[in-house]
Every structure is written in structure tokens, then in C-alpha cells.
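Q: I have a structure open and have not looked at it before. Can you walk me through it?

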Amino acid sequence: MKTPNVTQEEILNAFNYRHATKEFDTDKKLTDEQINFILKTANLSPSSFGFEPWHFIVVQDKDLRELLKPVAWGAPLKLDTASHFILGLAMKAPMVKHDSAYIERMMKEVKQFPEDVTITARCHHHREMSPS
């Protein structure tokens, strides 16, 4: 994979170009290609040990969006106007413990670590995540 040649100024400009959207134009819709790109970049966001302990759900159903309004702080108007509404779900601590089924699956199936590396990584992850 080729490393992009991006200047510090370009990175700062990207971070400075952000704004809160209170309401969306209901005539504008994201394409499937655009929403898939957004989801792909979200899933590729780095995490500790590369385990990416999150999931994203695109909520399109109007009835489900109505049910979310009371618990989605700051989002009621967005739920009415956004073409896509994405929920970011983070795993709770027990799900990402060194001996959890999720971590085990990530090391064996996704990362395809050999067994000896899996054991070492699990021990290291346990030491890093344990309270001092």
C-alpha cells in the first residue's frame, strides 16, 4: 500500500473544516456508494490492538427513527431530515476482555494470528487493560 503524501497543513485544514449540522436538506440523499464509503472509513478507524470494538448501524426505518428520538440527545431534527442515520455502537468492557470470544475470534479469524502469537497477544492485552 502506498503511503499518501499529505502535508501537515492539509491535515489541519481537513480538521478545521468541520461544522455541526442542525438540519439536513431532505431533497438531498446520499448514494449507496457514498454511505458505503463512510461506513468503510469508520470501520477502518484505528483502535488499540487493532480490534476495532465497534459496529455501525444505518437506520432508515421511519418508525425506528421515531423510537430513537427520546434517547438520541440532539438528534430529533436530524432523525427527521437526514437521508441516512448512523448509530455508532461501542462494545462494553466485558466484550473486549483478553479472554472474550470477540477478542479470540479477532485474533484467530480476522488477524489470522498463529496460536503462539494469539496466546502472547492475549497476555499482553490483559496486562495493558488491567487496572494498576
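Q: What kind of model is it?

A: It is a predicted model. The protein chain has an average pLDDT of 82, and 86% of the residues score at least 70.

Q: Which elements have the lowest and the highest mean pLDDT?

A: Helix α6, residues 115–129, has the lowest mean pLDDT, 63. Helix α3, residues 62–68, has the highest, 94.

Q: What should I do with the low part?

A: Where pLDDT is low, the predicted coordinates should not be read in detail.

Q: OK. How many helices and strands are there?

A: The protein chain has 6 helices and 2 strands. Starting at the N terminus, the order is α-α-β-α-α-β-α-α.

Q: How much of the protein chain is buried?

A: Of its 132 residues, 22% are buried.

Q: Which residues make the largest nonpolar core?

A: That core has 7 residues: Phe51, Met91, Val96, Tyr102, Ile103, Met106 and Met107. Another core, of 6 residues, lies apart from it, and includes Leu68, Ala72, Ala75 and Phe85.

Q: Where do Val58 and Ile38 sit?

A: Val58 is in strand β1, residues 54–59. Ile38 belongs to helix α2, which covers residues 32–43.

Q: How far apart are Ile38 and Ile86?

A: In sequence they are 48 residues apart. In space, their C-alpha atoms are 9.8 Å apart.

Q: Switching to charges. How many salt bridges are there?

A: The count is 3.

Q: Which residue does Lys69 pair with?

A: Lys69 has a salt bridge to Glu66, with N to O at 2.9 Å. Lys69 also forms a salt bridge with Asp80, where the closest N and O atoms are 2.7 Å apart. This second pair links distant parts of the chain: Lys69 is in the loop between α3 and α4, Asp80 is in helix α4, and the two are 11 residues apart.

Q: What about Glu104 and Lys108?

A: Their side chains meet in a salt bridge, 3.0 Å from N to O. Both residues lie in helix α5, residues 101–110, and they are 4 residues apart, about one turn of the helix. Lys108 counts as partly exposed, because its relative accessibility is 40%.

Q: What does its side chain reach?

A: The side chain of Thr81 reaches the backbone nitrogen of Phe24 at 3.0 Å. It also reaches the backbone oxygen of Leu77, at 3.0 Å.

Q: One last residue. Where is Lys92?

A: Lys92 is in the loop between β2, residues 85–90, and α5.

Q: Buried or exposed?

A: Lys92 counts as exposed, because its relative accessibility is 64%, and the cut-off for exposed is over 50%.

Q: How far is Lys92 from Trp54?

A: Their C-alpha atoms are separated by 9.5 Å. Along the chain, Lys92 and Trp54 are 38 residues apart.

Methods:
Residues are numbered from 1 along each chain as its sequence is written. This is a predicted model: local features need pLDDT of at least 70, side-chain atom pairs count only at pLDDT 80 or more; totals for chains, interfaces and linings use all residues. Side-chain values use heavy atoms; hydrogens and water are left out. A nonpolar core is a set of buried Ala, Val, Leu, Ile, Met, Phe, Trp, Tyr and Cys residues joined through side-chain atoms within 4.5 Å. Buried means under 20% relative accessible area, exposed over 50%, partly exposed in between (1.4 Å probe, protein chains only). pLDDT is the predictor's confidence in each residue, from 0 to 100. A salt bridge is a side-chain nitrogen of Lys or Arg within 4 Å of a carboxyl oxygen of Asp or Glu. A polar contact is a pair of N or O atoms within 3.5 Å; within protein, one must be able to donate a hydrogen and the other to accept it, and residues adjacent in sequence count only if both atoms are side-chain atoms.
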